[in-house]
Amino acid sequence: MILLEVPFAEKEAAKSVGARWNPLEKKWYVPDELEADLAPFSKWLPLSTITESTLSSNAIPANDQQKGVSLSQLMTQVQGALRQAFPGGVWVKAEVANLNERRGHFYLELSETAESGQPIATCRAMIWQSQAKRLLERFALETGSELQVGQKVLLLAEVSFHEKFGFSLVVQDLDPSFTLGEIEANLNKIRQQLITEKLYDLNKARSLPEDFFRIAVIAPPNAAGLGDFRADADLLQASQLCDFKYFYSAFQGDKVETEMVAAFDAFNGLHQIEPFDALIIIRGGGAKLDLNPLNLYSLAKHIAQAPVPVLTGIGHERDSTLLDEVACQRFDTPSKVIAGIRHTIFNQAQKAQQHWTLIESASRLYIEQQKQSLHNFERTVQNQSLAITEALKQHLSPVNFQIQRQSFALLEKQKHQLSQLNQNIHYQVHGTLNLQKQQLIHFEQTLKQTPFNLVAQAKQKNKQWIQFILSSGPKTQLNRGFAIVKDKQGIPIKSAQKAQQQAQIEITFSDGTLKAIPIDNH
């Protein structure tokens, strides 16, 4: 009996070519009646059987001209050797570099990288449809996230080697606790780096402001947590109690670090122009592994070095990230963050109301005291004013008389000067007007005579032109001794050459017309 090394995922294929199950050996085997032709079972044959079948006594000696084995035989030997070396599953630690799903099967690209980031090893792996639902649902349930690129995993896999498709791993199981442990180990490493650089407690040392007037918010766009936050924030802004400025960034995926660092840069730029009182980072609840992209050193450093206190509301009560640890204050949810802000603003408003009441009472008492003091002062001033007024009246009466007398004299002098000026102006204006009248009369006479002169000149020119035109007519020319020569059609002939070409011509004189026949002198 020839036993076969059949992976669990290939049992149906082995069964279809005639293999049978041996419950004692717990292996598939080749029935006796099929041992004559092992070709259909070659991929599952043990290495010893392959060697015996491929390199039998009929094999060509190595020193012959044609030596060696075919590529398919070699690949089959490699396949058998691997199955013999790895008869069962092997627990493998790797990172998911790529993940695709086709027809219920999941195809993975696994990799291992050095600390420098350079890849050390890569390998294909498959999770067949029969195993996929059970393994992936358990992984998501225990880790809080679906299997995705970038996660480090510990998986139980069977070594598989196909003569056409090469080496791969068939996944039989996943250990979710390993993935969670790797994340925690990475977090501890970043924590120690922040502590060493004295950044871990830097933002925690900042004091929260007593009141909030201008707040910056970093959040993913269109997130449910942002909607809960803005429900109250918009009311505070509409009431002009606090101004909110929003910066948007991805909180999941490959763009988290790039977009959030850009949001921090934009925040710092605006803070230099118009300072903020606090920076809030919110997201809303999610799976534990979904929050892992936020556990980055660069993001934690930005929060630690932020110029204002940072408040976080990234998840639910059970969720926590490195950003929560280094922030000045952590809240469970975005709703609790805005509730804390609202509570602070309302407390300050209540304190302001209380202070206003105290100020109002003290002001009223002070005003009454000042009113009484003013009333007493007013009586004193009135009494003293009356006494001073009487004393000034007696002192000012002579002065007043002297001022009146001098004023009357000055007025009379000014009247006389004005009268002289008025006369001078009257004489000057009258002379100028007379001169202008004379000029206007002259212009009027000139304007009246000029049209008549122009009309007379025009008439004379017209008579001359009429005489010239009348003297230029045909009859006038005929009377002068000239004649007009025409052809039979009555068209004037202007040259002798043209006249010689005519059979008969008409010559018009002042007293009549003659017909003539041209004679060629030549």
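Q: What volume does the largest pocket have?
A: About 1,300 Å³. This is a predicted model, where local features need pLDDT of at least 70 and side-chain atom pairs 80 or more, while totals for chains, interfaces and linings use all residues. Residues are numbered from 1 along each chain, and side-chain values use heavy atoms, without hydrogens and water.

Q: How is a pocket defined?
A: On a 1 Å grid over the protein atoms alone, it is an open set of points where a 1.4 Å probe fits, with protein on both sides within 12 Å along at least five of seven lines. Lining residues have an atom within 4 Å of a point. Volume is the space filled by probe spheres set on the points, joined across faces, edges and corners.

Q: Which residues lie nearest the centre of the largest pocket?
A: E95, G150, K152, N186 and N292, out of 35 lining residues.

Q: Which helix gives the most to that lining?
A: Helix 5, with nine residues. Helices here are DSSP runs of H or I, at least four residues.

Q: Where does the largest pocket lie?
A: Between domain 2 (88-188) and domain 3 (199-348), because both give residues to its lining. The bounds come from an automatic or database domain assignment.

Q: And the second largest pocket, how much space?
A: About 290 Å³. E5, V6, P7, F8 and P87 lie nearest its centre.

Q: Is C242 buried or exposed?
A: Buried (under 20% relative accessible area, 1.4 Å probe, protein chains only). The value for C242 is 3%.

Note on methods
Buried means under 20% relative accessible area, exposed over 50%, partly exposed in between (1.4 Å probe, protein chains only). Helices (H or I, at least four residues) and strands (E, at least two) are DSSP runs, numbered from the N terminus.
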